[in-house]
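Try each one before you read its solution.

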Amino acid sequence: MRFDATALLDLAYGAAFLGSGGGGDPYYGRLLCEAELARDKSIELIQLGELPDGALVAPCGWIGAPTVSVEKLPSGRETVAGLRRLEEVMGRRIDAVLPVEIGGGNGLAPLAAAMQLGVPVVDADGMGRAFPESQMAIFNIRGLSACPSVLTDANGTVTVIENSDNLAHERIARGVSVAMGGIAHMVEYPLSGREARAHAIGGSISTAVAIGRAVREARAAGEDPFEALFAALRATGIYRYAGSLFDGKITDLERETRAGFSIGRLTIDGLHGEGEMELLFQNENLLARRAGTICAMVPDIITVMDRETADTITTERLKYGQRVKIVGASAPNILRERRALDFVGPEAFGFDDPYRPIEALNGWDRH
Amino acid sequence: MIGACSVRVGVDVGGTNTDAVLMDGREVVAWTKAQTTADVSGGVASAIRTVLEDAGIAPGAISSVMIGTTHFTNALVERKHLSPVGILRLASPSGEALPPKTGWPAGLSGSIGDHVFLLGGGYEVDGREIAPLDEAGVREAAHTLRNAGIFAIAIISAFAPVNNAMEMRAAEIVKEEFPDAVLTLSSAIGRIGLIERENAAILNAALSDLAVRIAASFEEALRGLGIEAPLYISQNDGTLISAAQAAAYPVMTIGSGPTNSMRGAAFLTGLTDAIVMDVGGTTTDIGVLANGFPRESSVAVDIGGVRTNFRMPDILAIGLGGGTRIHLDEALYEAEAIDDAALRIGPDSVGFRIVEDARLFGGDTLTASDVGVALGLARFGAPEKLPALSDAALSAIASRIRDMLEEGIDRMKTARLDATVLAVGGGAFLVPDILKGAAQVIRPPHAPIANAVGAAIAQVGAQIEKVLDYDATPRAEALDAMKADVAAQAVAAGGDAATVQIVEVEEIFLSYLPGRAAQVRMKAVADLAEGGDRVHADAVAGVAHAL
């Protein structure tokens, strides 16, 4: 796939949607990629199957609160500094990078890194969406180690974490990111080619591009962008159910940057007297209650969108008074397995209610 | 009988026409539509003089004058009259990967020039400094800019909306080195989101010189007429600022045109939900009225291709206006059939030269207005000067115009039901009575000057910003109390209590303070109350406070 400015726009659209509100707005990541493309760099996208067993693949992305990421912008040296340090620690060159999460700005961040480093990007990711914590990656769920891991910040700090416990890694990395001002670049879960092939969620970058393209083409043809979005998601085979959950106006937004996360609660009043929706988020949207009843839960995707344009509004861009549609999609099956739900299901986020699939909660599976 | 206190003059200065309306309370007493002149103050003065004479009242009886202007929008779109800007960003080393003007259209970026200083400074989210303010660097930059003759300077620091101390200190230093510099601080015009706030600050600085001149020319026009009433300028959110504030913050007035036309259309029809088509000389602006307010865009708004985070009406502008050129070979004017490919409408327009260039006025350019008159939709100019056009040619052009408008409705409509369409603006006659997607098309009385009416009935706004301690008062309770306060202020300023809406609530938790404290900024707007004489000074004071 050739990545020109249009493909980047499509990827930014698809990644923003799959971010489930988190991962940061891909806008800045897109600008960084455009700047690299303007320097005659190009993006080489390869498939998982092309990775030799012994290749070194580095998943990377930003860790921190999206609310901070819109003020504390990158210096541009964080990414390469982190990847180079990983090479030193591991004593060998990195052969390819991939997004640790396809959702939000992190879906694009490794593209700029790959261009700076001169390595390909693997068409895959570690979450199939975005999650707030590092141990929610499929690589942890499948028992791989997060370390050695490298965090870097705008001021030039480099921190290497070596720890065999992935939960401890997340805790320490979170603390480091807070000390770094609330946002940092992280390289983690270094993978062999064989491990990447066995565990990464394949095809997610091209899937995000396809979603963005479908919506862009629908808009150009004067068709309903939401219908186009739903059709494109269902057509992926990865996000099999998709639909609208609610339509309304934001009447309250409680959002706090705490312990390195953006944590909050959004209240939306129905435009036509259908009651209220409550949405809880920790960087990503986690759980939606419609008129008091749960209608979508993590790991299924819950995204707030502009009800006219079908643009995703990431949690840091939410504002009082916005007219929005809340849209949901089923998570990739790999995240709905028993073992995965222990890490990314509602209980992993402190909710009492056990996971129920979005299609069952909304009767989408009856059609 | 005209009551001395409630007589307002609304003026809309567009690229093509300058419209004025004199209103007594809710009644339109007199109105005029004149050409916009190169000499802006002359055009404004003559439009106001006309309505004063028509109404038969003395200049001293005017209580206030509200002007909506597209000058600043046009300056950005046409890249004319823009000042080069010195940009001091205090955030380094953070943000160096995304220097100022990243992602801007090349032309506009070129007009601003490349006077960028990335300096150490800025705050972290927890209130620490990213780096100490590089005072020597600021001084050096001021010196360089003074030598280069760059007067307009924008200063931006990371997390300035939470703490503007560094921007203030940098401004002090620049003023010491360069007393004549005109400064825009990002904390005064934008919220969280450094790139968007910086973009707005740069645009504001680029417009600052033009803004001072335009505001002065408006005031000169009023003085010349002997009007001593205060002068206000419309903002993009439908409220007013004083001429002095508009001179300092012109970027706040961008987008006021569509807001005024939609509010004017709502006022003239009494309808609260409709699609508004404002047909001007060059474009048709299509917007949506929802519950009496212009529907706003939730996502980042581009101004002249530059991303900002202002509250703006969601507008679709299509290249169709009264002065729009009809591209059709003259040999085909009397053809019995017109091939699709032979006809093109716009997007170019003769603009204010319509009175010289259009066929109706003896010119040699076929415009949409010529066709409108030929079709019998309107009567002005000299119809005898129109070329002979066959029925086939006329209907081909009419149907193309209809297609453009219908597509516009379709793009803006959200419900599947047909909408009511309100056609306003000087070219409103170009909107056909029957349109696909429209249940009905209404051309209200005074449709051609709906913009000026919108300016005259501008809304009252009030704004409060304070730090709330949620440990002392629970959040919901504290916010409700603040909402009641800001709503009461809007009513006290002359707003109609039944129409008060809280339009903005921004809450930033201050993680560097102990306990749960948040900085909250709230804005309420309301329609002018019936006979709302007291309105202006107080209303504007409320907004002024925020600036």
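**Exercise 1.** How many residues of strand β4 (residues 64–69) of chain B are buried?

*Solution.* First, some ground rules: this is a predicted model, where local features need pLDDT of at least 70, side-chain atom pairs count only at pLDDT 80 or more, and totals for chains, interfaces and linings use all residues. Residues are numbered from 1 along each chain as its sequence is written, chains are lettered from A and ligands numbered from 1 in written order, and side-chain values use heavy atoms, without hydrogens and water.

Next, the terms. Strands are DSSP runs (E, at least two residues), numbered from the N terminus. Buried means under 20% relative accessible area (1.4 Å probe, protein chains only).

Now count: six of the six residues in β4(B) are buried. B:S64, B:M66 and B:G68 point one way, while B:V65, B:I67 and B:T69 point the other way.

**Exercise 2.** Find the strands that pair with β4(B), and the partners of B:V65.

*Solution.* Pairing requires at least two DSSP bridges between two strands. Strand β1 (residues 7–13) of chain B pairs with β4(B) in the parallel sense over six bridges, and B:V9 has B:V65 as its bridge partner. Strand β9 (residues 231–234) of chain B is also parallel to β4(B), over three bridges; here B:V65 stands opposite B:L231.

**Exercise 3.** Which residues does B:I62 contact beyond its neighbours within four places in sequence?

*Solution.* Take contact as heavy atoms within 4.5 Å. The residues are then B:V7, B:V9, B:L22, B:L52, B:I57, B:I227 and B:A229.

Technical notes. Buried means under 20% relative accessible area, exposed over 50%, partly exposed in between (1.4 Å probe, protein chains only). Helices (H or I, at least four residues) and strands (E, at least two) are DSSP runs, numbered from the N terminus.
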